[in-house]
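Trainee: I would like a close look at one single part of this model. Please take me through it step by step.

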Amino acid sequence: MSKDNPTLIESATFPRHVIAEIQRAAKTGIYDIRGFGAKRDIPTFDDLVFLGASTSRYPLEGYREKCTTEVILGNRFAKNPIHLKTPITIAGMSFGSLSAQAKESLGRGATIAGTSTTTGDGGMTPEERGHSKTLVYQYLPSRYGMNPDDLRKADAIEIVLGQGAKPGGGGMLLGQKISPRVAQMRNLPEGIDQRSACRHPDWTGPDDLEIKIQELREITNWEKPIYVKVGATRVFYDVTLAVKAGADVVVVDGMQGGTAATQDVFIEHVGIPTLPAVRMAVEALQEMDMHRKVQLIVSGGIRSGADVAKALALGADAVSIGTAALIALGDQSPEFDDEYKEIGSAAGFWDDYQAGNDPAGITTQDPELAKRLDPILGGRRLANYINVLTLELQTLARACGKSHVHNLEPEDMVALTMEAAAMAGVPLAGTNWIPGKGGI
Amino acid sequence: MTEINLEKSTIRELNEALQAGSSGDKFSVNNTVGKHALSVGLTTKVDVEINGHVGYYCAGMNQQANIIINGNAGPGLAENMMSGQVRVTGNASQYAAATAHGGLLVIEGDSSSRCGISMKGVNIVVGGNIGHMSAFMAQSGCLVVCGDAGDALGDSIYEAKIYVRGKVKSLGTDCIEKEMRDEHKKELQQLLSQSKMSHGVEEFRRYGSARKLYNFDIDQVDDY
């Protein structure tokens, strides 16, 4: 119903944004390609709350009693597992989709905060390696910029089978972002649309993956933890197969996970939310008696210390942030609102990461725009943000009486909706009922 | 010459020894029985002679080493090779030299499907035939085929060059036959000589990208 004219009723089936998309499609003949992540309303960690300590539990004193956050990743087979001060890591994002300054900022911020950052499609840049104390090297289907020297320089290797924004899809970097440096690193001509393959070129299934992991370990002297990253779909089976193939760490990325450029239909309609994905991954690990032996990193829509705490309480060992990290650097800043408006958007709504004209200078290869991000300031902002998340995480863990954030458990939470109760496997608040598992 | 017998040594011991080799060192590897990930991640100009069939990813990510396999090779032979030379006296399975950035891979026999998939600068010379979808999304480098090529050769190819002496069953999307100019004949001659193949360059035809798919065009959508 219109605010100005109560006789005008907007269609629930054809609201204005749907009508606008039909009109856009009819005009251009091409699907909508954009960045960011899923925008639709889905069950999230917001639908869970913690049961703070009371008569049956006792809490820990804030700032006085220890609640540790250290995490070790990759101690199953790797000689040199990763030690982090906080379980909040930076997800893989490519140089190409991001400017060199943005990548450097991520490295600086992660290093100050005592965590890891991750390369992306297109390989490792010297700036990124130089400013990242702990750097995870993504091994992607396209193998753009894939170099065994860089593999050996990395602290861990993440084999990417998929990502939450587009499980089953590859990547794309549109021509406007293919600068000479990006083209050179990817071994392709400047200005062409670069397609990143949707599956690896030299294996076809989990049995092959096991041999691929063996090869990567042989090349890196069995030193580096090997992560396997999947987009959240058939999580139970994917995690089981990744563990069977020999992964040290499994990364599960829910549908809220961001991307630099993908079809909107992919972002909004493929994959499952992070909330059920965590539970399914943990169940797979527990069934194999591998929970806490193979570490689980969860990503996709992590925004606050509450999200981190809930993911950990469901059984994750760590989380990754991508979109939130870019926002911490300055993405969506009201400072650029006039410029967002000039390109048909607004601060808080900007999602055309593929276009290369990012006013905040983050998702661009335009040297003038990229200069707007000071990597030192960006790194500081990111470190501040990670520190806030860590403090929030500790606050919630102490309230539940936990001296280590990994001691959080599903029993510490209830759900506010039936959907969340079913997805997360925790009772609906005020009951002991978990849909699908009985109780009253 | 250092001999490594895989009946007695583990794959880890083999690769550790080869990776620690200095330029000019010579190794012979025996009793391979199709084992995987042999002779991977080498970084120096060692000479390695492998006697027997090998499994997946033999010579993976090779840098500088000269590796000869007297036998057949499994999938992913010399995947992501950066430099050096790998030679197989028999046949190779799928994805030979996948994503390889440099060096020379010589397959004296046949190579199965997806030979040179996403190749990024490597040169590949195949004495026999190659399977379907070879040079799929090939970015740069040369694929020389002395026999026949299977279906969908060079599908979605970028700037790589393909030379085929025999028949091509079908070309993939955006792959076309191109004129064989003098610079191509010279390049091909050099690759044939390096590979010890005796065919004349005039027997080959050249294929490459029509470059119509480089930027998305809705009118090309039926090509995908």
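Predicted model: local features only at pLDDT ≥ 70, side-chain atom pairs only at ≥ 80, totals over all residues.

Mentor: Our part is helix H6 of chain A, residues 206-219. Start with its length. H6(A) has 14 residues. From its first C-alpha to its last, H6(A) reaches 20 Å. That is close to the 20 Å expected at 1.5 Å a residue.

Is H6(A) mostly covered or mostly open? It is mostly covered, with eleven of its 14 residues buried. Among them are Asp208(A), Leu209(A) and Ile211(A). Lys212(A), Ile213(A), Gln214(A) and Glu215(A) are buried as well.

Just after H6(A), look at Asn221(A), which takes a positive phi of about 60 degrees.

Now turn to the contact between the chains. Here 20 residues of chain A are in contact with 33 residues of chain B. On the chain A side, H6(A) gives the largest share, five residues. Sort that side by class, and you find ten nonpolar, five polar and five charged residues.

Next, the partner itself. Chain B has two helices and eleven strands. Along the sequence, their pattern is β-α-β-β-β-β-β-β-β-β-β-α-β. The radius of gyration of chain B is 18 Å, close to the 17 Å that the globule rule gives for 224 residues, so chain B is as compact as a globular protein of that length. Its C-alpha atoms fill a box of roughly 60 × 35 × 25 Å along the principal axes. Buried residues account for 54% of the 224 residues in chain B.

Finish with one strand of chain B, E9 (residues 161-164). Lys161(B) and Tyr163(B) point one way, while Ile162(B) and Val164(B) point the other way. All of these are buried. E9(B) is joined to strand E8 (residues 140-145) of chain B by four bridges, and the two run parallel. Within this pairing, Val144(B) has Tyr163(B) as its bridge partner. Three bridges join E9(B) to strand E11 (residues 205-209) of chain B, and this pair runs antiparallel. There, Val164(B) has Arg205(B) as its bridge partner.

Terms used
Residues numbered from 1 in each chain as written. Chains lettered and ligands numbered in written order. Contact = placed C-beta atoms within 7 Å. Nonpolar A, V, L, I, M, F, W, Y, C, P; charged D, E, K, R; others polar. Buried ≥ 20, exposed ≤ 12 C-beta atoms within 10 Å, placed from the backbone. Pairing = 2+ DSSP bridges. Rg over C-alpha atoms; globule rule 2.2 N^0.38 Å. Expected span 1.5 Å × (residues − 1).
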